[in-house]
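Here are some exercises for reading a protein model step by step. Keep the sequence and the 3D view side by side, and try each task before you look at its solution.

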Amino acid sequence: MPWTLPSRPSRRSLLAGAAGAALLTGCSDGRATDAALTIPLERRMRETAVRDSARLLERYDATAAAHPALAARLAPLRAAVAAHTAALSLTPSAPPSPSPSRSGGTGAAAPAASGGPVPQAPAEALTALADAERSLSESRTIDLAGAPGELARLLASVAACGAVHAYLLTSTPGATS
């Protein structure tokens with residue numbers, strides 16, 4: 001007996017087709033999908049990376065403002081984060097300069113961007129900053145999988161630098177290994 005096509009589609013094939021169409025069109029009204037398609041992946045990834053680096057810079061500034069005695073120790077790390085921000089940016093610019101101290105140098109808790117207040121104890125403030133560096137480093141490492149070639153290399157380099165910053169922030173200054 002030869003195989004013949006059914007005269008009408010089966011319920012299973014209709015459901016499979018509808019599921020495929022839903023995946024292609026998305027579950028929204030189409031605006032978010034259209035916007036995502038018009039902005040290239042690399043640009044979106046760079047904008048996110050710059051935004052994350054800017055938040056980290058704000059954390060460095062808030063920590064230095066809350067603990068002026070740590071400012072010299074934080075300065076080279078903050079400068080590296082500012083350089084990363086500039087390198088990740090789509091438009092070349094000078095690295096952001098430190099924000100003026102809002103705490104007046106009293107050592108009082110200053111708000112840290114997207115991370116709550118800076119801890120009162122200097123060691124805890126360094127640990128919180130190291131945690132922010134570590135978290136961003138891990139996030140950037142995960143982003144490598146979907147990043148285009150040159151951006152992936154840049155993200156890998158910045159992630160490695162963030163991991164080193166986390167180590168330096170939690171190591172005893174002046175200690176040798």
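The exercises below go from charged pairs to a nonpolar core and then to a pair of helices.

Please keep in mind throughout that this is a predicted model.

**Exercise 1. Find out how the side chains of E47 and R43 meet, and where the two residues lie.**

Step 1. Start with the charges: side chains of opposite charge can pair when their charged atoms come close.

Step 2. Check the distance. E47 and R43 form a salt bridge, with 2.9 Å from N to O. In total, the structure holds 6 salt bridges.

Step 3. Look at the surroundings. E47 has a relative accessibility of 31%, so it counts as partly exposed. R43, at 41%, is partly exposed too.

**Exercise 2. Work out which parts of the chain the salt bridge between R78 and D61 ties together.**

Step 1. The side chains of R78 and D61 meet at 2.6 Å, N to O.

**Exercise 3. Describe the salt bridge of E150 and R153.**

Step 1. The N to O distance between the side chains of E150 and R153 is 3.0 Å.

Step 2. Because E150 and R153 are 3 residues apart in helix α6 (residues 149-170), about one helical turn lies between them.

Step 3. Both E150 and R153 are exposed.

**Exercise 4. Follow L126 from its helix into its nonpolar core.**

Step 1. Locate L126: it belongs to helix α5 (residues 122-143).

Step 2. Decide how accessible L126 is. Its relative accessible area is 7%, so L126 is buried; the cut-off for buried is under 20%.

Step 3. List its contacts. Leaving out residues up to four places away in sequence, L126 touches L70, R73, L74 and L169.

Step 4. Compare sequence with space. L126 and L168 are 42 residues apart in sequence, and their C-alpha atoms are 9.5 Å apart.

Step 5. Now widen the view. The largest nonpolar core has 15 residues, and L126 is one of those that touch the most other members, a group that also includes L56, Y60 and L169. Helices α3, α4, α5 and α6 each give at least two residues to this core. The largest share, 5 residues, comes from α5.

Step 6. Another core, of 7 residues, lies apart from this one, with M45, A147, L151 and A152 among its members.

**Exercise 5. Describe how α5 and α6 cross.**

Step 1. The axes of α5 and α6 come within 8 Å and cross at roughly 160 degrees.

Step 2. Name the arrangement. Angles over 145 degrees count as roughly antiparallel, and α5 and α6 are therefore roughly antiparallel to each other.

Step 3. Find the residues that make the contact. Among them are L126, L129 and A130 of α5, together with L155, V158 and L169 of α6.

Terms used:
Residues numbered from 1 in each chain as written. Predicted model: local features only at pLDDT ≥ 70, side-chain atom pairs only at ≥ 80, totals over all residues. Heavy atoms only, no water. Salt bridge = Lys/Arg side-chain N within 4 Å of Asp/Glu carboxyl O. Helix = DSSP H or I, 4+ residues; strand = E, 2+ residues; numbered from the N terminus. Buried < 20%, exposed > 50% of the residue type's maximum accessible area, 1.4 Å probe, protein only. Contact = heavy atoms within 4.5 Å. Core = buried A, V, L, I, M, F, W, Y, C linked by side-chain atoms within 4.5 Å. Axes fitted to C-alpha atoms, helices over the stretch in contact; angles between N-to-C directions. Parallel < 35°, antiparallel > 145°, perpendicular 65-115°, else oblique.
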